[in-house]
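Welcome! Take a moment to turn the model around before reading on. We will begin with one kind of charged pair and then widen the view.

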Amino acid sequence: MLKNTSRTKLLLVTVLLLLALTLVGTAGAQSSPVTIRVMTFFAYDNPEVEQAVVDAFEAANPDINVELELTSYNDIFTKYQVQLAGGTPPDVISMNFEQLSRFASRGALEPATAYVEASGLDLGIYYENTLDMHSVDGVLYGLPATFSNNVMFFNKSMFDAAGVDYPSADWDWDTLIEVGRQFVTDEDGDGIMDTYGYGPAWWPMYMFLYNTNLLTPDGSACALNTPEGLQAMNAYVSLFAEDGISPNTAAQQTQGTYDRFISGKLAMFVAGPWAVKPFNDSIDGFEWDIALHPAGTTEGTFLYSNSYAVSAGSANKDAAWKFIEFATGEEGARIRQEGQFEITALRSIAESTFVESMVGQSPAHPEVFMEAVQFGQRLPDHARFQEILDAIQPELDLALLGMQSVEDSMNNACNAINAILQEG
């Protein structure tokens with residue numbers, strides 16, 4: 001009897017030891033960190049900014065490691081396409097709104113709706129129009145991290161030297177042209193202009209200034225050759241030709257407008273908050289500030305937004321989503337805002353930290369960026385949007401070179417665009 005009791009005790013101890021070892025093994029497996037890859041163009045020129053977001057996330061989530069792959073905006077979507085084809089996409093990818101539409105339509109991005117519902121995230125913390133930019137057919141695919149718009153940077157020292165009043169809210173298109181001409185000069189008499197009045201935005205913005213867009217409101221047809229579209233494109237092309245306040249193609253090959261503004265050879269330059277830190281780091285020798293862009297027939301500017309999205313092919317979607325919530329949430333937004341990368345889409349941080357982060361440096365009036373939001377517009381949402389742009393640019397180039405009228409160029413572009421739209 002005693003012998004059986006001893007066996008029973010020995011068996012019980014063995015079972016308990018095995019159970020303990022199993023629990024320890026399970027706990028060890030659970031505590032092994034998950035590694036996710038995050039590919040982003042955010043703050044590419046200032047890598048310490050997004051690295052600080054990653055560091056803060058890892059400190060708050062020791063069970064998740066992040067491999068940060070900073071990639072330039074010019075390269076990231078080609079790289080992402082290659083990795084998708086090879087079956088090795090990152091877990092998290094940064095998107096601008098037009099590329100999000102393209103990749104979402106191909107099934108490359110994970111719909112975010114279920115994750116939002118499961119986490120109880122209140123989407124009201126973001127600016128509504130930035131959320132809209134990352135939805136396709138009513139389905140949300142990414143959480144907005146930043147947004148930017150275009151305002152007019154201007155060289156205060158050039159204005160002072162010319163005795164010209166600074167740009168103001170009552171400027172219209174005619175004023176822009178009149179003032180811009182005063183800064184077009186050939187300083188050394190060699191027949192080549194050395195300074196110019198105005199460095200334009202990407203050409204679609206001028207559609208907004210004339211109350212139209214690339215496509216009709218229902219997205220069914222090209223709008224470039226409508227009366228409003230032609231008015232906008234004529235105004236844009238005239239900047240380089242008839243009005244001559246902007247450096248033409250040949251002059252831009254010598255020096256681009258971005259570098260020309262930094263060198264003090266351009267009075268006005270259209271850009272967004274992304275230019276603030278580079279300008280403060282690079283400009284030495286003159287003062288600059290910002291103003292709202294003058295209206296055409298109406299006020300308008302670009303409103304861009306960038307988001308983080310989960311790759312549909314990610315093997316760690318829950319961890320990827322946790323990173324996205326953090327990176328676009330309060331702590332991630334504050335880090336990025338203090339690093340002066342664009343404007344956070346998180347209302348509470350944008351309305352408190354953005355302007356404060358600019359104190360003591362240029363521009364003296366950073367609130368202009370926030371004022372411009374009300375005029376912000378977006379380009380059409382179409383899965384073949386890049387093809388639409390590709391159909392326009394060669395025709396626009398012919399108009400800029402004076403080899404074809406604006407009307408003929410836009411008619412040709414619209415013929416190609418309408419064919420794309422009809423194909424679906």
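This is a predicted model: local features need pLDDT of at least 70, side-chain atom pairs count only at pLDDT 80 or more; totals for chains, interfaces and linings use all residues.

A salt bridge is a side-chain nitrogen of Lys or Arg within 4 Å of a carboxyl oxygen of Asp or Glu. Glu387 counts as partly exposed because its relative accessibility is 37%.

How many salt bridges does the structure hold? There are ten. The general idea is simple: side chains of opposite charge can pair when their charged atoms come close.

| Pair | N to O distance |
|---|---|
| Glu187 and Lys265 | 3.2 Å |
| Glu287 and Lys156 | 3.8 Å |

Let us look at where two of these pairs sit. Glu287 forms a salt bridge with Lys156. Glu287 is in the loop between helix H13 (276-282) and strand E10 (288-291), while Lys156 belongs to helix H7 (residues 156-162), so this pair ties together parts that are 131 residues apart in sequence. Are these two partners buried or exposed? Glu287 counts as exposed, at 51% relative accessibility, whereas Lys156 is buried, with a relative accessible area of 16%.

Glu187 forms a salt bridge with Lys265. Each partner lies in a loop: Glu187 between helix H8 (173-181) and strand E8 (196-199), and Lys265 between helix H12 (257-262) and strand E9 (266-271), so parts 78 residues apart in sequence are tied together. Glu187 is exposed at 53% relative accessibility, and Lys265 is partly exposed at 27%. Salt bridges can also share partners, and in this way Arg37, Glu69 and Lys79 are joined into one network.

Ser72 lies in the loop between strand E2 (64-70) and helix H3 (73-85). Why does Ser72 count as buried? Its relative accessibility is 13%, and buried means under 20%. The Ser72 side chain makes a polar contact with the side chain of Asp75, at 3.0 Å. Beyond its neighbours within four places in sequence, Ser72 is in contact with Phe41 and Tyr44.

Finally, step back to the whole protein chain. It contains 19 helices and 13 strands, and 51% of its 424 residues count as buried. The chain has 19 positive and 56 negative side chains, and the centres of these two sets lie 18 Å apart.

How values were computed. Residues are numbered from 1 along each chain as its sequence is written. Side-chain values use heavy atoms; hydrogens and water are left out. Helices (H or I, at least four residues) and strands (E, at least two) are DSSP runs, numbered from the N terminus. Buried means under 20% relative accessible area, exposed over 50%, partly exposed in between (1.4 Å probe, protein chains only). Lys and Arg count as positive and Asp and Glu as negative; His and the chain ends are not counted. The place of a charge is taken as NZ of Lys, CZ of Arg, CG of Asp or CD of Glu. A polar contact is a pair of N or O atoms within 3.5 Å; within protein, one must be able to donate a hydrogen and the other to accept it, and residues adjacent in sequence count only if both atoms are side-chain atoms. Contact means heavy atoms within 4.5 Å.
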